[in-house]
Amino acid sequence: MRKLLIVDDEKNIRLGLKMMIEREFPGSYAIMMATQGEEAFGLYRSEGADIVITDIRMPVMDGIALIEKLSETDSGLLGEKRSKPNIIILSGYEDFEYARAAIKYQAQEYLLKPIRRDELFVALRKCEEDIERRSRLAETIAGAESYRRKLQSSRLQELLLQTGLADQERRELEREIDFANYTVPFNVAVAAYKYEDGREMKRGELMALAEELLQFVEGLTVNAAFHDREGRVVLIGSSSEKIAELAQIVEGKGLSGLLFGLSEVGEHLEDIPKCYGQALEALQYSFIYPHVQLIRHQDIQGPRLNYAVPEEEIRKLGNILGTNRQKEISPLLHAIFHSEQLAELDIHYIERISQRINEQVLDEVFRVYGEASVEVLKLYRKVGTMSRFRHFHDYFKSLEQLLFSLHEYIKGIRSAHSEHGDMKEAVAYIEDNYHRSLNMAIVSNHVSLNYSYFSEAFKAFTGESFVVYLKKVRIRKAKQLLHDHTLKLADISTAVGFETAKQFSRVFKELEGISPFEYRAKLLSCQDQPHCQA
């Protein structure tokens, strides 16, 4: 529904126009009315209008002043772009100056009072045709602009990974990304958003957030805003002071997860990949600087502490797990990372340490002892990737927690393996209670061992998993009962702990290769044959 604004200081004319339009165009217009230009302009600013029908002679602000102000206004109170309205001027005076003013401000029609219905309706239909034409043109322009932006983003993504452009390639790229209109010199900023749990904001949401925040920085020129291949937002523009102002606004709004890396100054197309690399490297250092949302590349330059990987200490860390030296885990971990010198460390040192602990400690634990409980495994999968954490302290705390969990797990496994008495008791319990509803949780609880520890220890002691072992005990007992021909198969099934005769028959055949019925028949046929085995 179109918005139509009628402006006239005579009430009868306002109401008469409204009635005529509603009868001729039912349901087509949401009609607003104002008594003079100032009131009308206020309505337009707050509500907008597609068509304005205004008188010329009015108090406070006349019609010419109104259409002059409307021609200068292209946005609403919230800053959204708004098309200029189509204007129909009403006048009771055949005055050339009014007509000239109407033409100057591109009024659609100039109608003399008293208004004739047919002329008004023709004027409105012309307005409709013009609005439709402009709408189609806007869609075409928007489509072309969308294509241009997609092409620009695609070419800029490619450029970030390129070095040593040939002259022809450079000229083509300059044309496609419109580099001639870039503000020079420029800086490149890379932005990423990480929640406290390490999850990253989706790329579409991140771009929308960045575009919204850019509106709050007056004087910030952004030549291009696009995603890199990892979903981070790349901004190319000027200047570094304005990007710093943007970071302050972000901090003031409590968006602590939005982090920026800022390059040094670039001046040429070939500088964009270099500046992108600088911004990306700066962003990486947000990992070791909590509560700092903007890192400049120039601030991380100069000598940084970079030690050789302490292989012996990392090996010692792995050896401590499961022993009585658990108090050494945390101090040794701090020493390996040099966490007391965190602010001076080279980020690549931390990355190498993380990788070696994954390879030499965590991977080795799971290779030797198998997968631990589900909770420990989930934590291991997260800690295995340092980039899943917002800051080093979050990563270190989770790694420390995982090492303590693995320590307890290994300690329990070793304890269970060394004390066969627990396993002997578990086997005896199965022999005495096979006819009941048994599972590993019940038996592990009976011998007071952790479920995960018990699973590993039981398999090591018996050579079989708990489930297979229990099946074999029950089938062994069933074979003994099958010698009594008076017992029904269903009764035997229940007597050895199976829930149904069908399940009993399936498991029996799985282990013995024949059904219980066939086994019993074989027993009968062997009664008179001394050398027959069943």
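**Ground rules**

I worked from a predicted model, so local features need pLDDT of at least 70 and side-chain atom pairs count only at pLDDT 80 or more, while totals for chains, interfaces and linings use all residues. I number residues from 1 along each chain as its sequence is written, and side-chain values use heavy atoms, with hydrogens and water left out.

**Entry 1: the parallel sheet**

I started with the strand order. Five strands make an open sheet that reads S2-S1-S3-S4-S5, with parallel pairing. The edges are S2 (29–34) and S5 (109–112), each of which pairs on one side only. I get an average twist of 20° from one strand to the next. For the labels, helices (H or I, at least four residues) and strands (E, at least two) are DSSP runs numbered from the N terminus. Two strands pair if DSSP finds at least two bridges between them.

Next I looked at S1 (residues 2–7), which runs parallel to S2 and is joined to S2 by six bridges. Val 7 stands opposite Ala 34 in S2. Helix H1 (residues 11–24) packs on this sheet and touches S1, S2, S3 (51–55) and S4 (86–91). The direction of H1 makes about 175° with that of S2. Helix H3 (residues 63–72) also packs on the sheet, touching S1, S3 and S4, and its direction makes about 155° with that of S3. Contact here means heavy atoms within 4.5 Å. Axes are lines fitted to C-alpha atoms, for helices over the stretch in contact, and angles run from 0 to 180 degrees between N-to-C directions.

**Entry 2: the strand with both faces covered**

Is S9 (residues 258–262) mostly covered or mostly open? Mostly covered: five of its five residues are buried. Buried means under 20% relative accessible area, exposed over 50%, and partly exposed in between (1.4 Å probe, protein chains only). On one side I find Leu 258, Phe 260 and Leu 262, and on the other Leu 259 and Gly 261.

S9 is joined to S6 (residues 187–193) by five bridges, and these two run antiparallel. Tyr 193 stands opposite Leu 258 in S9. The bridge partner of Gly 261 in S10 is Ile 295.

**Entry 3: the nonpolar cores**

Which residues touch the most other members of the largest nonpolar core? Phe 337 and Ile 350 do, out of 41 residues. I count as a core a set of buried Ala, Val, Leu, Ile, Met, Phe, Trp, Tyr and Cys residues joined through side-chain atoms within 4.5 Å. H10 (311–320), H11 (329–337), H12 (347–369), H13 (374–383) and H14 (392–418) are the elements that give two or more residues to this core. H14 gives the largest share, ten residues.

I also listed the contacts of Phe 337, leaving aside neighbours within four places in sequence; among them are Leu 345, Ile 350, Ile 353, Phe 392, Tyr 395 and Leu 399. Another core of 29 residues lies apart from the largest one, and its members include Met 423, Ile 475, Ile 492 and Val 507.

**Entry 4: rings**

I count 21 aromatic pairs. Rings of Phe, Tyr and Trp (its six-membered ring) pair if their centres lie within 6.5 Å; planes under 30 degrees apart count as stacked, over 60 as edge-to-face and the rest as tilted.

Phe 392 and Tyr 395 form a tilted pair, 6.4 Å centre to centre with 55° between the planes. Both lie in H14, three residues apart, about one turn of the helix, and both are buried. Ring pairs also link Phe 287, Phe 337, Phe 389, Phe 392, Tyr 395 and Phe 396 into a cluster.

Arg 199 lies over the face of Tyr 195, 4.6 Å from the ring centre, and Arg 474 lies over the face of Phe 498, at 5.9 Å. The rule is NZ of Lys or CZ of Arg within 6 Å of the ring centre and within 35 degrees of the ring normal.

**Entry 5: Ser 239**

I ended in the loop between S8 (233–238) and H8 (240–252), where Ser 239 is found. Ser 239 counts as partly exposed because its relative accessibility is 26%. Beyond its neighbours within four places in sequence, Ser 239 is in contact with Asn 187 and Leu 220. Ser 239 and Val 184 are 55 residues apart in sequence and 9.4 Å apart in space, C-alpha to C-alpha.
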